[in-house]
Amino acid sequence: MIKAAIYARYSSDKQNEQSIEGQMRYCKKYAQDHDMEIVSEYIDRAMSGTTDNRPSFKRMMKDSLLSKWDVVLVYKLDRFSRNKFESANNKHILKQNNKKLISVTELIPDSPEGIILESLLEGLSEYYSAELSQKIKRGNHESRLKGIFTSGKPPFGYKLVDKHLQIDEKESMVVKAIFEFSSKGYSNNDIAYILNSEESFNPTNKKFYAALINKILHNKSYTGLHEFGGIVYDNIYPQIIDEETWNKAQQQKPTMKLDRQRPYFRDYSKSTYLLMPKVYCGNCKRRMETTSGTSGSGVMRYYYACKNHKKGESTCGMKAIRKELLEDVVFRALKNILRKPHIIDKMANKLFERHQELIDCELGIEDLLKEKEDISAAIDKQINRLTSRDAVAAVAKIKKLNDKLDKIGMHINALRNECTDKLTLDDVKSYLSYLLGNRHKDDEEFRRKLAKHFINYVIVYPNKIIIGLRGRSPNLPDFYPYPDFENIDECLISQDRRRKVKSENGGSPL
């Protein structure tokens, strides 16, 4: 009995597992009719036949050196290969190894005429493959000219809506931050570290690695230009990064390194030290650590202390400073800044807008506003028809749409009037003023949030304390975990002086 192997393959052009099942059924039927025993099966899924770089195909050619089987059964010759040169070469290898290739649906006689027929079938197969590739390329080109996205999964920063790319607000903010950090000289590893540790720059909560950062930085599609096959398309990707920022990020070499001393890797989210790990010694420019000790009266005291002074590693003369004193000084200075009228107004407006959005969503007003926008767009469309022959019909349509628009507006006003929550912008301003007022007693959680959202770092000197603020512009990076001591004048100098501030229990501040 002749021993046979079956080779089956399908490419990715509208074929699936059922194609494999059909090929196997025909091959097994042929083997049964010709008294053959199937001893091996080789299957390649979603693999093109224009190349022989296919895992199962390679394994079959390697096994042809052995005596496991005598013939290879294929559904058609194009399953074996769609490339005439590679097909002839691989069939020559099989012949040298005393193996024979049989197409079970193409009756090719073992005669000189069969050689001509086989060559004709292989030529047609290669022609079909080349023509199909040309049609796909032409179709994709036409789709790209219409702004249709044809490349599978959208890049980070975009979302796919009706085959067209739109900017994802949260992801695009991360993309902008990546390019800004790169243009400032941060390395890919440090950018990934910032995004993974500072949620204000990464609202997506996605885990970033240096390889992904590098991929984003080298994707010019973020500028709105996409090159494919030597053709540049400008209507597929909405622009996220301008050309100047792109060029700066490509030319800039990493020049900045984060100060990754051990304290920065610890979790201080529940620590009683509210300013860690943002406190630095102004003398030796090192991050300060936390320490504690028991006083002569048996009371536990907590301090921020310079690491060098603590371990005697240098001549740093910075003594430890009481935790309560430093935090009182810093948060008092911070609140003095935030209490300024123009900052109160800005924060109150943002909070009130967010409150209104939540109320509208709860009452269903959000859907009515969306419907209102759609009707307004329809009215604009009808206005453009006023110069055409359908002007009379357009006028009537506009009147109906305006009536509908008025009804929706009345419905929205009625829902808002029925709302029991009558919070006003003045109420928000008053509450913020109360929170940031001198008489308001800060709890630990409130101070922790202030430190997280507004403070970049605190530098302690023997005669002053410097506070670096953050968050001046939510759309632009403002991240300096290690102070730029050479340009320290850009920081905010607090009006408090350490030796003028008395601690709560009347003891020495140092």
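**Entry 1: helix H9**

I began with the packing of H9: its buried residues (under 20% relative accessible area, with exposed over 50% and partly exposed in between; 1.4 Å probe, protein chains only) pack against helix H6 (169-183) and helix H8 (210-217). Contact here means heavy atoms within 4.5 Å, and helices are DSSP runs of H or I with at least four residues, strands runs of E with at least two, numbered from the N terminus.

I noted that this is a predicted model, in which local features need pLDDT of at least 70 and side-chain atom pairs count only at pLDDT 80 or more, while totals for chains, interfaces and linings use all residues. Residues are numbered from 1 along each chain as its sequence is written, and side-chain values use heavy atoms, with hydrogens and water left out.

I then listed the buried residues of H9 (243-251): Thr 245, Trp 246 and Ala 249. Viewed down the axis of H9, they fall within an arc of 100 degrees and so line one face of the helix; the arc is that of the directions from the helix axis to the C-beta atoms. On the face turned away from the buried side I found the exposed residues Glu 244 and Gln 251. At the start of H9, a side-chain oxygen of Asp 242 comes to within 3.1 Å of the backbone nitrogen of Glu 244.

I looked up how H6 and H8 pack: the angle is about 90 degrees and the axes are 10 Å apart. H6 is therefore roughly perpendicular to H8, a term that covers 65 to 115 degrees. The axes are lines fitted to C-alpha atoms over the stretch in contact, and angles run from 0 to 180 degrees between N-to-C directions. Val 175, Ile 178, Phe 179 and Ser 182 of H6 meet Ile 213, Ile 216 and Leu 217 of H8.

I also checked H7 (188-197), whose buried residues include Ile 191, Tyr 193 and Leu 195. The buried residues of H7 likewise pack against H6 and H8.

**Entry 2: nonpolar cores**

I took a nonpolar core as a set of buried Ala, Val, Leu, Ile, Met, Phe, Trp, Tyr and Cys residues joined through side-chain atoms within 4.5 Å. The largest has 38 residues, and Leu 326 and Phe 331 are among those that touch the most other members. Helix H11 (323-338) is one of the elements that give two or more residues to this core, and H11 gives the most, with nine residues. Apart from this core lies another of 28 residues, among them Tyr 158, Ile 194, Tyr 222 and Ile 241.

Terms used. Polar contact = N/O pair within 3.5 Å; in protein donor to acceptor, adjacent residues only side chain to side chain. Parallel < 35°, antiparallel > 145°, perpendicular 65-115°, else oblique.
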